[in-house]
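Dear colleague,

I am handing over the structure we spoke about, and my notes on it follow below.

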Amino acid sequence: MVNEIMKKAVKIYGKTAPGARMTKCAALLIATALSIPTFVILTLIDFAFL
């Protein structure tokens with residue numbers, strides 16, 4: 001649903017621009033932002049039960 005909207009070229013003042021695409025840097029930032037809290041939570045669970 002969202003991807004369909006992003007794939008359409010937008011026309012402004014007669015010029016078209018491609019849809020937004022995730023860069024490698026953005027993918028790395030998202031992966032880091034998800035992995036650090038996951039690591040902390042799993043480490044706390046490990047210390048709590050061992």
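Here is what was found in it.

This is a predicted model, in which local features need pLDDT of at least 70 and side-chain atom pairs count only at pLDDT 80 or more, while totals for chains, interfaces and linings use all residues. Residues are numbered from 1 along each chain as its sequence is written, and side-chain values use heavy atoms, with hydrogens and water left out.

The protein has two helices and two strands, running α-β-β-α from the N terminus on (DSSP runs: helices are H or I with at least four residues, strands E with at least two).

The mean pLDDT (the predictor's confidence in each residue, from 0 to 100) is 83, and 80% of the residues reach 70 or more. Among the elements, helix α2 (residues 24-49) has the highest mean, 94, whereas helix α1 (residues 2-7) has the lowest, 59. Where pLDDT is low, the predicted coordinates should not be read in detail.

Buried residues (under 20% relative accessible area, 1.4 Å probe, protein chains only) make up 0% of the 50 residues. Leu-44, which is found in helix α2, counts as exposed (over 50%) because its relative accessibility is 56%.

Best regards
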